[in-house]
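I opened this model to look at one strand and the aromatic rings by it. My notes follow.

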Amino acid sequence: METLSDCFDFQGQQVISLIGSGGKTSLMWYLAEYYRDQTILVSTTTKIGYPVERPYDYFYSEDFSTLGKDGHGITLAGCLTADGHKLSALPHAVFQQSLQHFDKIFLEADGSKQLPLKGWETFEPVVVPETTVTIGLVPISVVGKAIDDRTIHRLPLFLRATGAIQGAKIHEETLAEIITSPTGLWEKSQGQRILCINQVETPPQLKQAKKVLSLLPQMLLKRLSKVIACNIQSKEGIVLWEK
């Protein structure tokens with residue numbers, strides 16, 4: 001495993017949407033921090049928790065008239081929800097106007113109720129058309145756990161997408177199915193697609209991640225640009241496959 005940032009190579013202006021489960025928020029802020037010498041926007045197309053204990057430099061939640069004009073650093077922006085505990089998406093006109101001001105935009109574009117895996121409703125994830133890179137995450141740590149509603153958000157949709165059986169154990173094949181399914185991870189993706197198999201902590205888990213990769217069909221790999229095994233918490237990763 002090497003430094004996680006070395007696994008990514010985002011050149012020029014990019015709009016990066018993060019989907020899936022098991023590390024979206026952590027990866028989004030890790031990448032924002034790595035590129036913070038540029039002008040960086042962190043936001044969401046759904047909802048993210050607030051307040052955010054992260055090292056951002058500027059914050060916008062109401063008056064967006066000067067959004068993107070503060071210079072280098074990380075800007076967190078979104079609309080405060082009525083209860084004040086979450087940020088929701090920027091108004092679309094504001095988002096479109098902001099595109100010209102930021103070098104990198106990172107968007108949390110999916111929700112999983114803090115569960116390791118999920119199935120997707122027809123309206124999710126919310127990946128905006130301006131997205132240039134979609135990062136899809138799945139955690140390897142779920143292998144061996146039970147397929148139930150304590151592990152999987154929207155369990156019936158997950159079962160329908162994968163053909164899995166409720167109560168059975170999650171295997172590498174299960175992860176490959178949700179990654180590959182037409183109604184799974186990539187259905188709403190845009191731009192380049194990077195698969196991140198997260199929570200790889202041990203050599204056996206790295207072997208499991210490689211097995212997941214080996215189970216992905218060639219037709220799917222043609223749509224991906226890169227597959228990374230990583231541990232976001234330790235900031236380590238390795239590129240398992242690249243187009």
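I began with the directions of the side chains in strand 9. Lys104, Phe106 and Glu108 point one way, Ile105 and Leu107 point the other way, and all are buried. This is a predicted model, so I read every value as computed. I then checked the cover over residues 104-108: five of the five residues in strand 9 are buried.

Next I looked up the strand partners. Strand 2 (residues 14-20) runs parallel to strand 9, and five bridges join them. Gln14 has Lys104 as its bridge partner there. Strand 3 (residues 39-44) also runs parallel to strand 9, again with five bridges. I found Thr44 opposite Glu108.

Lys104 lies over the face of Tyr35, 5.1 Å from the ring centre.

I counted six aromatic pairs in the model. For Phe8 and Phe10, the ring centres are 5.6 Å apart and the planes stand at 40°, so I logged the pair as tilted. Phe8 is buried at 5% relative accessibility, and Phe10 is buried at 6%.

For Tyr34 and Tyr35, the centres are 4.8 Å apart and the planes stand at 85°. Edge-to-face needs over 60 degrees, so I logged this pair as edge-to-face. Is Tyr35 buried or exposed? Tyr35 has 7% relative accessibility; the cut-off is under 20%, so it counts as buried. Tyr34 is partly exposed, with a relative accessible area of 43%.

How values were computed. Residues numbered from 1 in each chain as written. Predicted model: local features only at pLDDT ≥ 70, side-chain atom pairs only at ≥ 80, totals over all residues. Heavy atoms only, no water. Phe/Tyr/Trp six-rings, centres within 6.5 Å; stacked < 30°, edge-to-face > 60°. Buried < 20%, exposed > 50% of the residue type's maximum accessible area, 1.4 Å probe, protein only. Lys NZ or Arg CZ within 6 Å of the ring centre and 35° of its normal. Helix = DSSP H or I, 4+ residues; strand = E, 2+ residues; numbered from the N terminus. Pairing = 2+ DSSP bridges.
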